[in-house]
Amino acid sequence: MDFEYTPEEESFRAEVRDFIEENLPAKDQRGPNFLATWLEKVRAKGWVGFSWPKEYGGSDGGLIEQTILREEMALAKAPPLGASFMGLAWVGPGIMQYGTDAQKKRFIPDILDSKVTWCTGYSEPNHGSDLASIQCKAERDGDYYVINGQKTWTTGAPWSQWIILLTRTQFDVAVKHDGITCLLVPMDAAGIEVRSIENMAGDRHFAEVFFTDVRVPVENRLGAEGEGWKVTVSALANERSSIGEVTQMFEKLDTLKALVNSSTKQGKPANQDPAVRRRIAVFETKIAAMKYNGLRYLTKQIKGEPLTSETSVNKLHRASLEIEMDDFAVELTGQSGLLLKGSETTVDGGSWAKSSLNWPNVVIGGGTPNIQRNIIAERILGQPKD
Ligand SMILES: Cc1cc2nc3c(=O)[nH]c(=O)nc-3n(C[C@H](O)[C@H](O)[C@H](O)COP(=O)(O)OP(=O)(O)OC[C@H]3O[C@@H](n4cnc5c(N)ncnc54)[C@H](O)[C@@H]3O)c2cc1C
């Protein structure tokens, strides 16, 4: 594999750095309109949906440039390039792959322009890992589907305008993966009730979502009736690839190094302690491993091949790495490291304590480690089924 960048790619990196220098003020100098202005500017540069086809409002940009863009933005700790993380990471790509022309025209521009936020309605109270057993029912009634059932752990449901929803349209199926249908549903449809759930960090990011006789036009179906599993498999690969995305780990390591540089251990600078230095070296090495593994996905995508099971590897790797890094930061800073924001002695605004409580986001969200291990064992290593 050739790790060198071409002169054109290096000049793109320089362009991104110049843009960041001009448009990204330090955190304490950002005004109330900063985020809206930032989103407009990155959109005007064509950097939202950078590698998406021009015909849908993307920039037809190369995948290597896209990686450079992500790297530079992460290193600069820049805000996201769009308001809808899920819209950009898997709903938009899913609509481009399986949607009708009308759906592409209707949904893609709003995702790119940060006008709407999407959430994902897959998991149900009794069906998370065993997703193909979902029971949320959608019955055909003329030109509509009528939805009844419940979803849970739906991240972003309290503020999203749309949900990508997995429903069951057929119950008498030989294989549980059949008879599932994917629908695009507006969250303000009559019959939807959102009850937010507080997590242990005190945030209300996710919710239970109840559907009672919710009517959705057939034109909002993504992919064929009964073939929603196919849509989901590709969306899940994109979700796991975005969770396993290494650039956020560069940012985290950078922040952790700054913490080490400003901390003491047994009265001496922590950055001189051999055990601390070793831990940082281990984190850096593990992140490098994630980066090089991620390049395999990139190579596959450059060849035009869709991502599948391999994205479970970085997803699994990131899950343990995040926990190790958060625990290390909290350990290093002693009792203060456990305080959330609002206390005088809080460290880094309580962000380490917060992320150590938010571990389920990357560990359970997108599928548990056990499930990733099963996927790796069965689909990549060819082991017998669990
Ligand atoms: C922060 C967060 C955000 C989330 N966001 C969303 C979202 O936006 N949308 C959405 O639809 N869902 C979301 N989820 C749900 C998430 O996808 C599920 O929680 C996850 O898939 C696990 O399902 P479950 O909770 O039903 O656990 P279960 O499936 O009941 O698993 C319980 C335990 O059993 C283990 N287990 C289960 N099956 C097997 C097996 N075959 N082999 C070995 N071990 C097994 C699991 O690893 C786990 O340890 C989110 C979850 C979290 C924590």
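# Notebook: a look through a predicted model

**Entry 1. Starting at I163.** I began with one residue and asked what touches it. Setting aside neighbours within four places in sequence, I found I163 in contact with W118, C119, G121, V185 and M187. I kept in mind that this is a predicted model.

**Entry 2. The cores.** Next I looked up the core that I163 belongs to. The largest nonpolar core holds 53 residues. I163, L183 and V185 have the most contacts inside it. This core takes at least three residues from domain 1 (7–82) and at least three from domain 2 (118–226). I also noted a second, separate core of 16 residues, with M290, L321, M325 and V347 among them.

**Entry 3. The domains.** How is the chain divided? The domain assignment gives domain 1 (7–82), domain 2 (118–226) and domain 3 (244–380). I looked up one distance between them. The centres of domain 1 and domain 2, taken over C-alpha atoms, are 33 Å apart.

**Entry 4. Around the ligand.** How many residues surround the ligand? I counted 21. The closest are Y122, G128, S129, T368 and N370. I then sorted the shell by class: seven residues are nonpolar, 13 are polar and one is charged. Which domains supply the shell? Domain 2 (118–226) and domain 3 (244–380) each give at least three residues. I went on to helices and strands. Strand 1 (118–121), strand 3 (144–155), helix 11 (360–363) and helix 12 (369–380) each supply at least two residues of the shell.

**Entry 5. Helix 3.** I turned to residues 63–75, which form helix 3. This helix has 13 residues. From first C-alpha to last it reaches 18 Å, close to the 18 Å expected at 1.5 Å a residue. Which of its residues are buried? They are E65, T67, I68, L69, R70 and M73. I checked what lies over them. The cover includes helix 1 (7–23), helix 7 (247–261) and helix 8 (274–302). Just after helix 3, K77 has a positive phi of about 55°.

**Entry 6. Helix 8.** Helix 8 had come up as part of that cover, and I looked at it next. Does its length agree or disagree with its residue count? Its 29 residues should span 42 Å at 1.5 Å a residue, and its end C-alpha atoms are 41 Å apart, so the two agree. Inside helix 8, I287, M290, G294 and Y297 are buried. M290 was already in my notes, as a member of the second core. After helix 8 comes G304, with a positive phi near 85°.

**Entry 7. Positive phi elsewhere.** Most residues other than glycine have a negative phi. D213 has a phi near 50° and is not a glycine. D213 sits in strand 7. Buried or exposed? D213 counts as exposed because it has 11 C-beta neighbours inside 10 Å. Q266 also has a positive phi, near 50°, and is not a glycine. Its place is the loop between strand 9 (264–265) and strand 10 (268–269). Q266 has 6 other C-beta atoms within 10 Å, so I noted it as exposed.

Entry 8. Where is N199? I found N199 in the loop between strand 6 (192–197) and strand 7 (206–217). N199 is partly exposed because 15 C-beta neighbours lie inside 10 Å. Between N199 and H127 there are 72 residues of separation along the chain, and their C-alpha atoms are 20 Å apart.

K105 came next, in helix 5 (residues 101–112). With 12 C-beta neighbours inside 10 Å, K105 counts as exposed, since the cut-off for exposed is 12 or fewer. K105 and Y56 are 49 residues apart along the chain, and 7.2 Å separates their C-alpha atoms.

T255 and R240 are 15 residues apart in sequence, and their C-alpha atoms are 24 Å apart in space.

Methods. Residues numbered from 1 in each chain as written. Predicted model: local features only at pLDDT ≥ 70, side-chain atom pairs only at ≥ 80, totals over all residues. Near = placed C-beta within 6 Å. Helix = DSSP H or I, 4+ residues; strand = E, 2+ residues; numbered from the N terminus. Nonpolar A, V, L, I, M, F, W, Y, C, P; charged D, E, K, R; others polar. Domains from an automatic or database assignment. Expected span 1.5 Å × (residues − 1). Buried ≥ 20, exposed ≤ 12 C-beta atoms within 10 Å, placed from the backbone. Contact = placed C-beta atoms within 7 Å. Core = buried A, V, L, I, M, F, W, Y, C linked by C-beta atoms within 7 Å.
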